[in-house]
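Me: Could you take me through one part of this model slowly, as if I were seeing a protein fold for the first time? I would like to know what sits around it, too.

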Amino acid sequence: MTDILELRRVAETLKEGPFPPQVIVETVSRCNLDCAMCPQSALSRPRGVMSLELVRKIVDEVADYAPPSTKVWPAVMGEPLMARERLWDMLSYAQERGVAIHMNSNANLLDAEAIERILAYGVREFIVGMDADSAETYVKVRRKGDFEKTVANVEALLAACDKGGPKVVMQFIDVGINAHELEPFKNRWLSKGAIVKTRVAQGWGHWDHLLAAEHLDIPLAERFMPCPWLFRNLVVLWDGRVTQCDGDMDCKYPAGDINRQTLREVWLGELKRRRDRQKMLNFTDGPCHDCRDWQVGLSKFWYPDDPDRFYAVDERKV
């Protein structure tokens, strides 16, 4: 469970720069699963696939202006492997422009072709959301998923990466009903050479939908720090609109539009205005008033070569 000291440590890391540390790109807004902690199935905005023109515009700006440490993630409200050819277009073009791509996936669609492309196009990191160590628990959390198939898919990826490829990170989100499987999950995947990442569940701006994972619930009047998501991420939806975070999943409070603006214009414009307000402890903007996701705290990482201790995200680079 996150504590106050951990949150204060997070607050100390919130630095502003001329470019977002992470550009989150919704290549597709559809998913093949219906996970217990994710509101994807309840989206009210239109669904679709990002145009190749927009993908290239984003990649070009990152290549031309971003620091080398900048990460580009095909993510948000969709499973990137559902985009297939558009995802391959993105990976190929990013490789051509020297842009680092990091991926999140539920790995149910991680077939031989996908593994071949992921390795061929130089994906740096592949994070698999799995959250369980048994089929019984998996179907309660990753609904519509296939546990045994996913395990086999990840094992195939790890085997393919044996002589080089992305760092494979197995993610475990604590949603309460799966907490008893954390240790066997860690043991399974560390023994196979994967990194293990754990974190508390987000509320996506609506914490009342969460399952029984433990979390802080600091009243708004006692809040002492801005939201880390505003300082770390710029989120571009498939149609080009920018939403300030995943909590505004339906983009009711858009911060810009990359069809007619640059990433830097949005980052140093409307998003900076929102960051400045939060630095003054003003949380009246958009979805922030009732959101508690700023309390999630640090993700923790375990490594195969040092399985007895965890590292916070900034202590040992993934």
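Reply: Let's start with a facing pair: T198 stands opposite K300, which belongs to strand 10. Before going on, please note that this is a predicted model, in which local features need pLDDT of at least 70 and side-chain atom pairs count only at pLDDT 80 or more, while totals for chains, interfaces and linings use all residues. Residues are numbered from 1 along each chain as its sequence is written, and side-chain values use heavy atoms, leaving out hydrogens and water.

Strand 6 (residues 195-200) and strand 10 (residues 300-303) run antiparallel and are joined by three bridges. Strands here are DSSP runs of E with at least two residues, helices are runs of H or I with at least four, and both are numbered from the N terminus. Two strands pair if DSSP finds at least two bridges between them.

Six strands make an open, mixed sheet in the order 3-4-5-6-10-11. Its edges are strand 3 (102-105) and strand 11 (306-312), each pairing on one side only. From one strand to the next, the twist averages 25 degrees; angles run from 0 to 180 degrees between N-to-C directions, with axes as lines fitted to C-alpha atoms, for helices over the stretch in contact.

K197 is buried but has no salt bridge, and E125, its nearest side chain of opposite charge, is 6.4 Å away. Buried means under 20% relative accessible area, exposed over 50%, and partly exposed in between (1.4 Å probe, protein chains only). A salt bridge needs a side-chain nitrogen of Lys or Arg within 4 Å of a carboxyl oxygen of Asp or Glu. For charge, Lys and Arg count as positive and Asp and Glu as negative, with His and the chain ends not counted.

What does K197 touch, leaving aside neighbours within four places in sequence? Its contacts (heavy atoms within 4.5 Å) include K300 and F301, along with V169, M170 and Q171.

M170 leads us to the largest nonpolar core, which has 77 residues and counts M170 among those with the most contacts inside it. Such a core is a set of buried Ala, Val, Leu, Ile, Met, Phe, Trp, Tyr and Cys residues joined through side-chain atoms within 4.5 Å. Helix 3 (residues 85-97) supplies the largest share of this core, six residues.
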